[in-house]
Amino acid sequence: MATETARKFFCENRSCLFRWEDHGRELVWGNRLTIAFHEELTVALNYLSDGCMPSFMSLALAMSVMRRSWPEVADGITRTLRAITNSKIAVFVQTDEQYKEDIDSWPETLEKLNVLHEYVKTKPSQPIDRAEILVALFGRLESPWSAAEQQEIAEAFRAGLPQEWFHPAIGGIRTIALPTSDAGEEYLSDNPPLFNSFSRDLIQLLRKARTLSTGLKLLATEDVEYQLRTGLDTEIEPAPVSLLDQSLQTRALLNTLKDDPEFSGLARLTQHLMAAISLPGMMTQSSDLPLGGISDITNRGSLDRLLLSELAYDDLTLATRIALNEALFFRREVPPAPQAKSRPILLDNSLPLWGIPRLYGTAVALAVQALTPASVTVDCFRPRGSELLNFKLNDRQNLVDHLSHLEAAATPARCIKAFAELLKKNSDASEPVLITTPDVLKDSQFLTMLDTEFPDALWIVAAERDGRIAVLHRTRQGTSVQKRLHLPLEDILSGRTTAAIRDSEIPHSVPAILKLADFPLRLAHHVRSGRVWKWGEHAISISDDGRIMLWTDKRHGAIQLAADAHFGSNSQLFLVRRNRQLVRFLVQNEAKSAFLVTIFSGSWEVTLVAADPRLEEITDIRLHENTVLVFGSRHRKRTDLCCAIDEFSGMYLGEREMLPDDRTRRGRVYRHDGKWRVLCWTNGVNEWTQQILPKELQSAKIVVEAEPGEFLIVNDKDQLVLPAGPGGTETVFDHLQRRPVLEISSNDSFLPGSRNLVVRCGAERAPMSLNLDTKQREFPRGPLSIGINAVEQASCESIVMIRTPHYRFSMVGVRKDSAIVLRDNRGARFEIVLLADQSQIVLIDAARLPPVSPEVQFTSFEPEPKTAGCNFEMQKATLPDGTCIWLESRGLMHIKSSNVQLKEVTLVMRDGQLSGWLSSGTVFGEDYHVESPDDSRFKRVFEHRVSPHVAWIRVILPCISEACRVPSDVSVNHDKVM
C-alpha cells in the first residue's frame with residue numbers, strides 16, 4: 001500500500017551507507033553485512049507504530065546494534081572517521097573542521113552502544129524480543145510521525161512496498177562500503193567518494209547514534225536491563241523510614257503475601273487470627289490516677305468510683321444493681337498527654353516450637369502487630385541464648401530470616417530475665433506478650449523463672465501443632481483463659497474457607513464450553529438497578545442467574561468472570577469496598593446465606609468467602625476500618641441489629657441492638673439522647689463504642705457519613721453543608737431543587753477517585769449525584785426507577801451496551817440442504833444458514849426465504865434440570881441420530897453431534913449475524929462477542945479466530961450431515977412440516 005507518508009519514510013533522505021537486497025527481503029550495509037530481514041522489520045514496525053516510530057536511519061542503526069555483526073560495522077565506522085580525520089583532501093578536511101564535535105563524540109557513543117549489544121546477546125534472539133527492546137529504546141523519544149502516520153507506515157510495509165523503492169540506484173544514490181582493513185582505510189583517506197552525500201549521511205548516522213545512546217548512561221549490562229525495564233537511570237531506594245505505622249505495614253505485607261506460593265497459607269492463617277484474637281490494652285497507673293475532672297459515666301468500674309446517688313439504695317438493691325451492671329460509676333479524665341505505650345512480643349523459638357507450631361506463633365505475632373493501635377509501639381524479640389534479639393516482621397525477607405533462626409533449648413527460660421529487665425525500663429506503659437506452646441508452660445523451671453521475674457500482668461498465647469490456640473492472661477492472682485481457638489492448618493491451606501469460583505463440578509454430559517474455567521465468549525444480559533457498578537473504566541454487573549460479568553467498553557459484550565456465584569435474581573447485594581485493586585460486595589441469597597465476593601483486577605480472579613452476619617434480613621452495610629457493619633433484623637426479633645464481621649474472612653465478631661429511637665440512623669450515624677453519634681467496632685478490644693459528633697453537627701436535620709470520618713449535614717433550611725473545620729461549616733449545595741430532602745446516601749465509590757453524594761428531593765424527583773470536589777450536579781439519563789442505585793446504573797450507560805438474544809424456541813430440526821430449522825411457540829420458523837457470499841452465519845425468519853421442498857423432522861425441546869455451576873435455565877432436544885442440541889437462557893445454542901469424532905459448536909443466538917465457539921478452541925463472528933480485549937490477562941481466553949465460512953464448512957455442516965443420517969431401525973414420531 002504505497003502512500004505518500006510511506007514514501008517519505010522509506011525513500012526520502014535515503015542513506016548511501018546501506019541498501020535493500022533480494023527485492024526488499026534484506027536490508028544490508030554497503031559491505032553486505034545484514035542489518036535486518038523483512039520479517040524482523042515487519043514485527044519491529046508493528047510494535048513501534050503505537051507511538052514510538054523513529055526515523056528509518058535510527059531504526060536501521062538500532063537493529064544493526066542488536067545483530068552479532070555489530071563489531072564489524074562499528075569497526076568500519078571507526079575506520080571511516082579515522083580516515084576523514086587523517087586525510088589531507090580538502091573535502092575531508094572541511095568535514096572534519098565543520099563536524100568535529102560529532103566526530104569526537106563517537107568513542108563515547110560506541111562504548112554505550114557496545115554495552116547495549118552485549119546485553120542483547122544474553123537475551124532471546126526472536127524478532128518479538130528485539131521489537132520490545134526497540135520500544136523501550138525509542139519510547140522515551142518524541143516521534144517525528146503522528147499516530148495515524150505511524151499506523152500507515154506499518155500497514156504499508158506489511159502490505160508490500162513497490163519494488164522500485166528497493167532499487168539501489170533510485171535517486172542516483174550509490175551505496176558506499178565502509179572500510180574493513182587498514183588498506184581500505186588508507187584508500188578512503190586518499191580517495192573520497194565523488195558525491196557529497198557520503199559525508200552528510202555519515203554525520204547524520206553519528207547524530208542518530210548519539211541520540212540513541214543518550215539514555216544509556218550506565219556502562220553495565222545489568223544497568224541497561226534495569227533502564228530498559230523501568231526507564232530509570234538508577235535504582236529507586238526505599239525511604240529510610242516507613243511512612244506507615246506498624247499496623248498498616250503488617251496489613252500491607254499480608255496483602256503482598258496472599259499470592260505468594262510459599263507464604264500464602266501463612267497470610268490466610270494470620271487473617272483468620274486477626275478476626276479472632278484481641279489483646280485489650282492494660283490499664284496503666286498514669287491513666288488511672290485521679291487527675292483532672294470526670295470524663296464519662298459508665299456501668300463498670302471500681303467501688304470507690306460509685307456515684308453518690310447509688311449509695312441512697314439499701315444494701316440488697318445496691319448489690320443487685322452492681323451484679324446486673326446497672327450501677328453507675330464515673331470515669332476519670334485521661335491526662336492530656338498520655339505516656340507512649342509499647343507492646344514487646346517475645347516469640348519463642350525453642351525446641352517445642354520447631355515445625356508447625358512455629359508457623360502458628362509467627363502468625364499470632366503478625367496478627368497482634370496488625371491489630372495493635374498506632375499509638376502503641378510493637379517490638380518483636382526472640383531468644384538467643386540468655387539474650388534477646390530484636391527483629392522486624394515488616395517484609396518478606398525479615399519473615400524468612402526469622403523462620404530460619406532456631407534455638408536448641410527446651411524452653412526460653414534463660415532469656416526471661418533479659419525480657420523482664422527490658423520491661424522494667426518502661427514498666428508503666430508496657431503490655432508484654434509471650435508466644436509459646438503448652439509444653440513450655442508445663443515446664444517447672446520455666447514457670448519458676450516466670451513467677452520470679454514477672455509479678456505483673458502478662459499476655460500468653462499458647463499454640464499447638466493441631467491448630468489449637470489459647471489466649472491466657474497471667475496476673476498476680478493467677479492465670480485465666482480469655483479465649484480458645486481451633487484453626488486446623490489443613491483447612492486453611494486447602495482453601496475451603498476461601499475458594500475461587502470454578503466450574504469443576506459440572507458433569508461431562510453437558511456441552512464442553514460449560515466446563516471451561518475461562519469462558520471464551522462475550523455475552524450480554526439485562527442490567528438491573530442495584531446489580532451494576534462502575535469500576536474505573538470498566539463496569540461490573542451481576543446477572544439474575546448468578547453470573548459475574550465485566551464490561552470493558554460499549555463496543556463489546558461482557559466477559560464472564562464467574563458462572564455460578566450462589567445467588568440469583570432475589571439475592572440482596574451490597575457494595576463493600578471498591579478501589580483500583582479490587583471490588584468486594586456482600587451477598588445474601590434466597591436461602592439467607594451470606595457471602596463476601598471479591599474480584600481482583602490483577603488477575604480477574606473471583607473468590608467467595610462464607611460470611612456470618614447472623615441476620616435474616618439485611619438492610620444496609622457500612623465499612624469501618626477492616627470491619628463490615630451489617631444492619632438488619634431477625635424474624636423472631638424485629639429490632640434493628642448491627643452485626644460486625646471481618647472484611648477478609650467474613651467471621652462473626654459481635655452484634656449490638658440498636659436503640660428504639662435509632663430510626664434516624666443512616667449507616668452507622670444515628671441520633672440518641674438529642675445528640676448525633678457514630679457507631680464503631682474496635683478490633684483491638686472487641687467491643688462496641690459510640691462517639692458523639694462535634695457540636696457544629698448537632699443542630700443538623702440529617703447527618704450522613706460521605707467518607708469514613710467525614711460527615712455531611714442537611715440543615716432545617718434544606719441546605720447541604722460540609723464542615724469546614726472546628727466550629728464552622730461551609731455551604732456546598734443550596735436549596736436542592738427547592739424540595740425537602742427525602743433520601744441522602746453516600747456513594748464514595750460511585751466514581752472511584754472522586755467524592756460523590758446521591759440525593760433525592762421530592763417524591764416525584766429522580767435522584768441526582770452531587771460531586772463534592774467539583775460542586776457539579778449529575779442527573780441520570782433515561783427512564784430509570786427512583787432510587788439511589790439509579791444514579792449508579794446511569795453512570796454505567798457509557799460502558800454497557802445490551803444486545804437482546806433470541807433463544808425462545810420450542811422445536812428444532814435439520815434440513816439436508818445445509819440448514820438448522822427452529823420453531824417458536826407461535827409456530828414461526830427460523831433457519832440458521834450460511835449466506836450465499838459465505839461471509840456470515842445468520843439466524844433469519846423463514847418467511848423471508850423462498851419455499852423449500854426437503855422435509856424437516858422436528859424434535860421438541862425439553863427442560864433440563866440445573867446442574868452444579870449452571871444456574872441458568874437449559875432445555876435439550878435429542879435428534880433421531882443422537883445429536884444433542886441445547887438452548888439456554890444466556891442466549892446460547894450448543895450442538896453436540898452423535899459422532900464423537902466431530903467437534904462441538906456453541907452459537908450466540910440473536911437475529912442476524914451469529915457468532916460462536918468451536919471445541920477446537922477457536923471463535924468466529926462479530927467483534928461484539930469474540931474480540932479479545934486489550935488487557936493481556938484475557939489473551940488466554942480469546943486466542944484463535946476463524947472466519948464464519950471455515951466454522952460452517954469444517955464443524956457445523958458435518959454436524960448437520962451427520963444428523964440427517966437417521967438409522968433405518970429407528971422409528972421417528974415427530975411433527976413433520978414441509
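Tutor: Helices are DSSP runs of H or I with at least four residues, strands are runs of E with at least two, and both are numbered from the N terminus. This model is predicted: local features need pLDDT of at least 70, and side-chain atom pairs count only at pLDDT 80 or more, while totals for chains, interfaces and linings use all residues. Residues are numbered from 1 along each chain as its sequence is written, and side-chain values use heavy atoms, with hydrogens and water left out.

Student: In which loop is Asn-325 found?

Tutor: Start with its backbone. Asn-325 is not a glycine, yet its phi is positive, near 60 degrees. Most residues other than glycine have a negative phi. Asn-325 is found in the loop between α16 (315-323) and β5 (329-332).

Student: What is the relative accessible area of Asn-325?

Tutor: Buried means under 20% relative accessible area, exposed over 50%, and partly exposed in between, with a 1.4 Å probe and protein chains only. Asn-325 counts as partly exposed because its value is 33%.

Student: Does Asp-673 count as buried or exposed?

Tutor: Asp-673 is another residue that is not a glycine but has a positive phi, of about 55 degrees. Its place is the loop between β27 (669-672) and β28 (675-682). Its relative accessibility is 57%, so Asp-673 counts as exposed.

Student: Which side chain does a polar contact join to Ser-839?

Tutor: Ser-839 lies in the loop between β40 (829-834) and β41 (841-845). A polar contact is a pair of N or O atoms within 3.5 Å; within protein, one must be able to donate a hydrogen and the other to accept it, and residues adjacent in sequence count only if both atoms are side-chain atoms. Here the distance is 2.9 Å, and the partner of Ser-839 is Asp-837.

Student: What distance separates the C-alpha atoms of Ser-839 and Pro-948?

Tutor: Along the chain, Ser-839 and Pro-948 are 109 residues apart. Their C-alpha atoms are separated by 6.5 Å.

Student: How many aromatic pairs are there?

Tutor: Rings of Phe, Tyr and Trp (its six-membered ring) pair if their centres lie within 6.5 Å; planes under 30 degrees apart count as stacked, over 60 as edge-to-face and the rest as tilted. By this rule the count of aromatic pairs is 13.

Student: Which kind of pair do the rings of Trp-535 and Trp-604 make?

Tutor: The centres of the Trp-535 and Trp-604 rings are 5.5 Å apart. Their planes stand at 90 degrees, so the pair is edge-to-face.

Student: How many residues apart in sequence are the parts tied together by Trp-535 and Trp-604?

Tutor: Trp-535 lies in strand β15 (residues 532-535). Trp-604 lies in the loop between β21 (594-600) and β22 (606-611). So the pair ties together parts whose separation in residues is 69.

Student: What is the relative accessibility of Trp-604?

Tutor: Trp-535 is buried, at 6%. Trp-604 counts as buried too, because its value is 8%.

Student: At what angle are the planes of Phe-809 and Phe-830?

Tutor: The ring centres of Phe-809 and Phe-830 are 5.7 Å apart. The pair is edge-to-face because the planes are at 70 degrees.

Student: How many disulfides does the structure hold?

Tutor: A disulfide is a pair of cysteine sulfur atoms within 2.5 Å. Take Cys-643: the closest cysteine sulfur, in Cys-642, is 6.8 Å away, too far for a bond. For the structure, the number of disulfides is 0.
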